[in-house]
Amino acid sequence: PERVAQLLRILIDNALAHTPSGTNVLVAASPGENGAGARLSVHDAGPGIPDDAIERVFEPFYSADGARGAGLGLAIARELAAHMGARLEIASAPGDTTFTLTLPASDH
């Protein structure tokens, strides 16, 4: 649970840092596929991420806008997801960016 919370904080902080003031950030949770696990998403209505930067945003020290932050947050988030056996995916277009964390079913 602590790592999931850490990962969500990274995604929320990232959305807030790269979304213009007055723009909504939405956090949502839903059951995973076939009711197993969970899907957590962070959606913003900011400027979006260019297609050529989509996968690069997960690289250490990379920032799509070239100016804000150290470029470590999303790299750490992807690493945390991998260690949990989860998937971290992104879909982005101008005014519509969503990071989705898909968690596997728990063994407990």
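Trainee: Among contacts between residues at least 6 apart in sequence, what share join residues at least 24 apart?
Mentor: In this predicted model, 54% of those contacts do, a contact being heavy atoms within 4.5 Å. Local features need pLDDT of at least 70, side-chain atom pairs count only at pLDDT 80 or more, and totals for chains, interfaces and linings use all residues. Residues are numbered from 1 along each chain as its sequence is written, and side-chain values use heavy atoms, with hydrogens and water left out.
Trainee: In what order do the elements run from the N terminus?
Mentor: The order is α-β-β-α-β-β, with helices (H or I, at least four residues) and strands (E, at least two) taken as DSSP runs numbered from the N terminus.
Trainee: Which residues of H1 are buried?
Mentor: Val-4, Leu-7, Leu-8, Ile-10, Leu-11, Asn-14 and Ala-15, where buried means under 20% relative accessible area, exposed over 50% and partly exposed in between (1.4 Å probe, protein chains only). Seen down the axis of H1, they fall within an arc of 150 degrees, so they line one face of the helix; the arc is that of the directions from the helix axis to the C-beta atoms.
Trainee: What do the buried residues of H1 pack against?
Mentor: Strands S1 (25–31), S2 (38–44), S3 (87–93) and S4 (96–103), plus helix H2 (73–83).
Trainee: And which residues are exposed on the other side of H1?
Mentor: Glu-2 and Leu-16.
Trainee: Switching to the whole protein, how much of it is buried?
Mentor: Of its 108 residues, 35% count as buried.
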